[in-house]
Amino acid sequence: MTAPSTFGLSSEARNLHWLLTNLVEEVPGLLSVAVVSSDGLLLLSSDPGRNAEARAGTEADRPTGPKGSAADLATIVSGIGSLTIGAAKLMDGGGVKQTMVAMDEGSLFVMSISDGSLLGVHGSPDCDMSVVAYHMALFVGRAGHVLTPELRSELRKSLESEPMGSGR
C-alpha cells in the first residue's frame with residue numbers, strides 16, 4: 001500500500017493521514033483501508049493512486065475488486081454501514097459501533113468514527129481479527145474528534161485534485 005501525499009494539507013489532515021499510515025503499517029494482513037463520509041464519499045485511503053484510476057478509468061481498465069480499489073471498498077463500507085444502521089433501528093438496538101464480515105478468503109470490518117463517518121478495512125484470510133479490531137478502535141478514538149465538516153471537505157478536495165496514477 002502506498003502513502004498518500006500530505007503536501008499542502010492542514011495539520012489535522014496530515015495527522016489523519018499519519019494515523020491511517022500507522023494503522024496500515026502496524027497491523028499485518030490489511031489489504032485495503034478506507035475512511036468514508038456519512039454520504040458515502042471516500043475521504044481517505046490506503047491506496048490513493050488506485051482511487052484516481054478507479055474514478056477515471058473505464059470498466060475494462062478499472063482495478064478489480066476491493067483489494068485493488070479503495071473506491072470499491074468505500075462503496076461496500078457505505079452500503080454495509082447503511083444496512084446495519086437500518087437493522088439497528090428496526091431492532092431498537094441503538095447505534096452501530098462495529099460490523100465484521102468473515103469470509104473464506106478474507107474479512108471486512110466496518111467501524112463508526114463520528115457523524116456517520118466510517119472506517120472500513122479489508123483484511124487477508126490470515127489476519128488476526130482481534131488485532132485488526134483493536135487497532136481500528138485506536139484509530140477511531142484518535143480520529144473521531146478531529147473529523148469535522150471542514151476536515152471532511154478538505155480531504156474530499158485533496159482526493160479530487162490528486163493526479164491519476166500518482167501512487168507513491
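**Around the largest cavity**

Modeller: The residues lining the largest cavity comprise 5 nonpolar, 5 polar and 1 charged (Ala, Val, Leu, Ile, Met, Phe, Trp, Tyr, Cys and Pro count as nonpolar, Asp, Glu, Lys and Arg as charged, and the others, Gly among them, as polar). This is a predicted model, in which local features need pLDDT of at least 70 and side-chain atom pairs pLDDT 80 or more, while totals for chains, interfaces and linings use all residues. Residues are numbered from 1 along each chain, and side-chain values use heavy atoms, without hydrogens or water.

Searching the whole structure turns up 1 cavity of 30 Å³ or more (a set of points on a 1 Å grid where a 1.4 Å probe fits but cannot get out, lined by residues with an atom within 4 Å of a point). The largest cavity holds about 40 Å³ of space, a volume filled by probe spheres set on the points.

Who lines it? The lining is made of G81, T84, I85, V96, K97, Q98, T99, V110, M111, S112 and L118. At least two lining residues come from each of α4 (70–90), β3 (98–103) and β4 (106–112). G81, T84 and I85 fall within α4, Q98 and T99 within β3, and V110, M111 and S112 within β4.

To place these elements, remember that the protein has 6 helices and 5 strands (DSSP runs of H or I, at least four residues, and of E, at least two, numbered from the N terminus). Along the sequence, they follow the pattern α-β-β-α-α-α-β-β-β-α-α.

Key: 1 Å grid on protein atoms, 1.4 Å probe; cavity = no way out; pocket = protein on both sides within 12 Å on 5 of 7 lines; lining within 4 Å.
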